[in-house]
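Dear colleague,

Please find below the sequence and structure that I am handing over to you. My findings are set out after it.

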Amino acid sequence: MAARSRRKVDVRQPNVVVVTGMSGAGKSTVARVLEDLGYSVIDNLPLGLISEVAKYRDFSDGNERLAVVVDVRGGIRELDLRDQVGRLERVGLDTAVLFLDATDEALVRRFGEVRRPHPVPGGDLETSIAQERETLTDIRAMADIVIDTTDYNVHDLRGRVMKEFESEDLDRRMRVSFLSFGFKHGAPRDADLVFDVRFLPNPHWVPELRPLTGEDQAVFDYVFAQPDAKAFLDRLTGLLEFLMPRMEKEGKSYLTVAIGCTGGHHRSVAFARALAEWADQHNVEASIRHRDRLK
């Protein structure tokens with residue numbers, strides 16, 4: 001079938017993104033990036049169900065976004081995809097088709113690295129890739145965006161997709177969570193950074209402070225009356241100021257900073273509170289959680 005001109009669509013935050021292309025070209029990575037951008041992602045959806053799934057989404061508030069990954073696993077034809085895109089656009093849903101490609105040599109190398117079978121059965125890997133490429137020729141021709149990932153690593157591809165689909169007014173600041181905990185209850189498994197404040201004097205040994213927590217002003221003042229506490233807080237916030245923009249640049253959306261003391265009642269709670277106050281003063285989107293405060 002003759003290739004046609006690509007449709008003129010606004011590809012920045014369209015309502016629906018159809019992700020397709022060659023196996024091994026990066027569809028899974030793109031799906032994760034779109035999810036980070038606020039899309040609801042459905043993988044390996046049969047092509048004929050795209051418009052049906054969209055019927056059950058509420059796009060009226062302008063915030064709903066849907067991304068579907070379709071490929072040779074579920075069967076794909078250019079005429080069927082054209083029909084589905086037409087159905088979506090007739091009901092007012094801005095739709096973009098993203099096609100991911102790479103050279104045969106790059107695809108062979110990637111399949112060799114992961115050691116998984118190609119979804120198109122063939123006598124050998126090169127034959128499977130050639131058959132898939134022939135099947136997808138018309139699909140590639142109709143795509144709104146074609147990304148050749150031959151020379152991309154994961155971070156390069158993420159950056160390219162963000163550039164294509166990130167809304168200009170979308171707040172992409174990393175969200176930070178400050179978590180206090182007690183080492184005697186075990187270190188948190190989901191923390192990105194863990195810091196130990198057991199080197200500070202323990203309010204537990206001050207009788208009037210023992211029944212309180214770091215959320216109480218008396219405990220907070222006691223902890224930060226220690227010169228080492230203020231010095232450590234300054235170093236810790238300086239480290240976060242250094243790390244956060246670099247983590248955001250690499251595509252990290254969430255950062256959990258855990259602060260531990262012995263029981264998780266006093267020092268760690270006070271420190272998590274101080275960090276949350278610092279975040280508020282520096283326009284950092286942050287939340288705070290005290291895992292062991294009440295244990």
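The notes below cover a sheet, a helix and a group of aromatic rings.

This is a predicted model, in which local features need pLDDT of at least 70 and side-chain atom pairs count only at pLDDT 80 or more, while totals for chains, interfaces and linings use all residues. Residues are numbered from 1 along each chain as its sequence is written, and side-chain values use heavy atoms, with hydrogens and water left out.

The sheet is open and has 5 strands in the order 2-3-1-4-5, with parallel pairing. Strands (E, at least two residues) and helices (H or I, at least four) are DSSP runs numbered from the N terminus, and two strands pair if DSSP finds at least two bridges between them. Strand 2 (40–43) and strand 5 (145–148) are at the edges with a single partner strand each, so one side of each has no neighbour in the sheet. Strand 1 (residues 16–21) and strand 4 (residues 95–101) run parallel and are joined by 6 bridges; Val-17 stands opposite Ala-96 in strand 4.

Helix 3 (residues 78–90) lies across strand 1 and strand 4, at about 150° to strand 4. Such angles run from 0 to 180 degrees between N-to-C directions, with axes fitted to C-alpha atoms, for helices over the stretch in contact (heavy atoms within 4.5 Å). Helix 7 (residues 154–165) also packs on the sheet, touching strand 1, strand 4 and strand 5.

Helix 9 (residues 227–249) bends by about 25° at Leu-243, and Pro-245 follows within four residues. The bend is the angle between axes fitted to the seven residues ending at a residue and the seven starting there. Among the buried residues of helix 9 are Phe-232, Leu-236 and Leu-243 (buried: under 20% relative accessible area; exposed: over 50%; partly exposed: in between; 1.4 Å probe, protein chains only).

The whole structure contains 6 aromatic pairs. Rings of Phe, Tyr and Trp (its six-membered ring) pair if their centres lie within 6.5 Å; planes under 30 degrees apart count as stacked, over 60 as edge-to-face and the rest as tilted. Phe-199 and Phe-232 are edge-to-face, 5.3 Å centre to centre with 85° between the planes. Phe-199 lies in the loop between strand 7 and helix 8 and Phe-232 in helix 9, so this pair ties together parts 33 residues apart in sequence. Phe-232 and Phe-271 form a tilted pair, at 5.6 Å and 55°. Both Phe-232 and Phe-271 are buried, whereas Phe-199, at 45% relative accessibility, is partly exposed.

Yours sincerely
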